[in-house]
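Here is a friendly walk through strands, cores and a cavity. Have the viewer ready and follow along.

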Amino acid sequence: MEEIRTGVNVAEIFGKNVFNDTVMQERLPKKIYKELKRTIEEGKELDLATADVIAHEMKEWAIEKGATHYTHWFQPLTGVTAEKHDSFISAPMSNGKVLMSFSGKELIKGEPDASSFPSGGLRATFEARGYTAWDPTSPAFVKKDENGCILYIPTAFCSYTGEALDQKTPLLRSMEAINKQALRFLRLFGNTTSKRVKPSVGIEQEYFLVDRQKYLQRKDLVFTGRTLFGAMPPKGQELDDHYFGSIRARIASFMKEVNEELWRLGVTAKTQHNEVAPAQHELAPIYMECNVAVDHNQLIMETLKKVAEKQGLHCLLHEKPFAGVNGSGKHDNWSLTTDDGKNLLDPGKTPHENIQFLLMLLCVLRAVDKHSALLRESAADPGNDHRLGSSEAPPAIISVFLGEQLEDVLEQLVNTGNATHSLKGGKLQTGVKTLPGLNKDATDRNRTSPFAFTGNKFEFRMLGSRDSAAAPNVVLNTIVAESLCETCDMLEKAEDFDKAVHDIIKEYATEHQRIVFNGNGYAQEWVEEAERRGLPNLSSMVDAIPALVSEDAIRMFEKFHVFTEAELRSRAEIKYEAYSKAVNIEARTMIDVASKHIIPAVIRYTRTLAETVNAVTQAGAQAEVQLGLLNDTGRLLKEAKEALDILIAETGKASEMGEGEDQARRFREHVVPAMDALRRPVDELEMIVDKEVWPMPSYGDLIFEV
């Protein structure tokens, strides 16, 4: 049998298409390289002459890779990335040849149309000018695909009047805010060596894969990314046999190509596995600096979709593509690290003695408790409304899991003002002599918690799978920056530093203990307990959006120069509009599919049943079964038609309203229930109607035949 060669030298291809630090050191003059590093590490502005040299070398490197065009790659408020390609051709020469050039000005600044992207009223249609600005902290890269070979330059995107119109600008601002406040914090504890503190982020990505031909036969998937109709197959995820199961050959081939594409782009694709639901999978990279991690997650999503299509598959990134099985999310693993390698959320072996860690931990707890509604809003999107609180996702209530060890320390602080011991992990007893002895962690994990401490980081598990991870990290960075700032303000004025630290730790532990919950987040008892504790339960995106423009949020974001009030209000307006548009598209898709495909198919089936009843009766035989099926089908068809008429009317009323919060609430409170009402009889009909007659692939076809 011929040997199958599947190996690849990862070290050889990793970062091959990235204009990274190694490439810059090799190609840039030493002086220019130092200036660029100062810009990256200290935020120093680049002069045009320096930018010209960098641009020239970047162009030469890209052309050697086969690049013909460059693009300023940015993240507008559409939820996806944007790019406009310009060739390196500058002008024809007199000898008939062409000059290839790329200037520092072209590297630093681009000019897309600002009025054509969501701006929430910041830009009118006739106010078209916007700017993209090079983000040198995220390296440029080359992508090779059907478009050819393109040099991608990560950029921020702002309006002519300076407002942020993207995800990256506020993210970079929030990173500056937390850097400044975390350094203040460290200096108070005697650290004079660390020069920068950066949020370190690892973003796990969940997704579904289905056969592309079957996908194209489902107009609901094509138009909305999720199935609006669909009866569950006999088997779902009950046996948990897909989770961490053997990866099928077709999927393994897909994952292999995805990994190789990402490694060439410098994305540290580390972990791949089957998730709980059939046809669901996960990819996780290694931790990176926050804004680079967000950029890499966008590349991961784009690569998943591109490779899937190439291999006859389709990647579904919707939060709930199939009812009845797990949906998909992102897990945002967040910590704070210094430029000299210190993790500020590392408790050490004796966390009760690690005063700096305890205060940092409690500053985070305080931030999450104080701004839990804002943190919930940062993960809000229409798809997440179908996922949060279900059996696989955290509830819509924000709480913090600390684990037995830290919860015990917290209780000591609350009860006595001092922590004198920490619970130890011990040894894991397997009962099998041949297995090695395993050190057991002092704390278990809790997958029902939306915000869990997992050793030396927090894992925010509420994010939607297709959303940019920028917004949640903007909120995390800023609320913790505020908490650190207010803590430092008190400590810097204290006459007795040690006593002040002790008093603040006890105060924060006592005041914010309510946000800590280590139990089952799926239980109804927790919903009731959370209400008693006064924790907000924002079940829908529409309910969560107001937190973005609350007085506290506006005051905080403006104080740390992350958002202006105008930028916040524009984002709230964009989110209401996005919700309304998403539900409107789903409702109209349901109307279209039900009217043109499902109801006609059911009518054909009832005609066949009626002809069968007549034929059997005329032959003198009993036709009770056929008649019963005909009656059931007729009853459900009538229910479906009545529900369809209501959905048409409700969608029309909501669509005619002016854009904004009222329209979004109308869609939420009237159109969504009307959609649910239409789905119920249609899904029952699918279980009755002949499969050969049903006009689309079933759930079983989609999630088991990949």
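## Strand β1 and its partners

β1 and strand β8 (residues 148-159) run parallel and are paired through five bridges. Within β8, Pro154 is the bridge partner of Trp73. Strand β2 (residues 85-87) is joined to β1 antiparallel, by three bridges, and there Asp86 is the bridge partner of Tyr70. Strands pair here if DSSP finds at least two bridges between them; strands (E, at least two residues) and helices (H or I, at least four) are DSSP runs numbered from the N terminus.

Four of the five residues of β1 (residues 69-73) are buried, so this strand is largely enclosed by the rest of the structure. Buried means under 20% relative accessible area, exposed over 50%, and partly exposed in between, with a 1.4 Å probe and protein chains only.

## About the model

This is a predicted model, in which local features need pLDDT of at least 70 and side-chain atom pairs count only at pLDDT 80 or more, while totals for chains, interfaces and linings use all residues. Residues are numbered from 1 along each chain as its sequence is written, and side-chain values use heavy atoms, leaving out hydrogens and water.

## Strands β9 and β13

Four bridges pair β9 with β13 in the antiparallel sense, and Asp211 has Leu313 as its bridge partner in β13. From β13 (residues 313-316), Leu313 and Cys315 point one way, His314 and Leu316 the other, and all are buried.

## The cavity

A cavity is a set of points on a 1 Å grid over the protein atoms alone where a 1.4 Å probe fits but cannot get out, and lining residues have an atom within 4 Å of a point.

Among the lining residues are Val201, Ile203, Met288 and His296. β9 (197-211) gives the most to the lining, with three residues, and α10 (290-310) supplies at least two.

## Nonpolar cores

The largest nonpolar core has 123 residues, of which Leu402, Phe557 and Leu678 touch the most other members. Helix α19 (residues 565-618) provides its largest share, 15 residues. A separate second core of 40 residues includes Tyr207 and Leu299. Such a core is a set of buried Ala, Val, Leu, Ile, Met, Phe, Trp, Tyr and Cys residues joined through side-chain atoms within 4.5 Å.

Notes. On a 1 Å grid over the protein atoms alone, a cavity is a set of points where a 1.4 Å probe fits but cannot get out, and a pocket is an open set with protein on both sides within 12 Å along at least five of seven lines; lining residues have an atom within 4 Å of a point.
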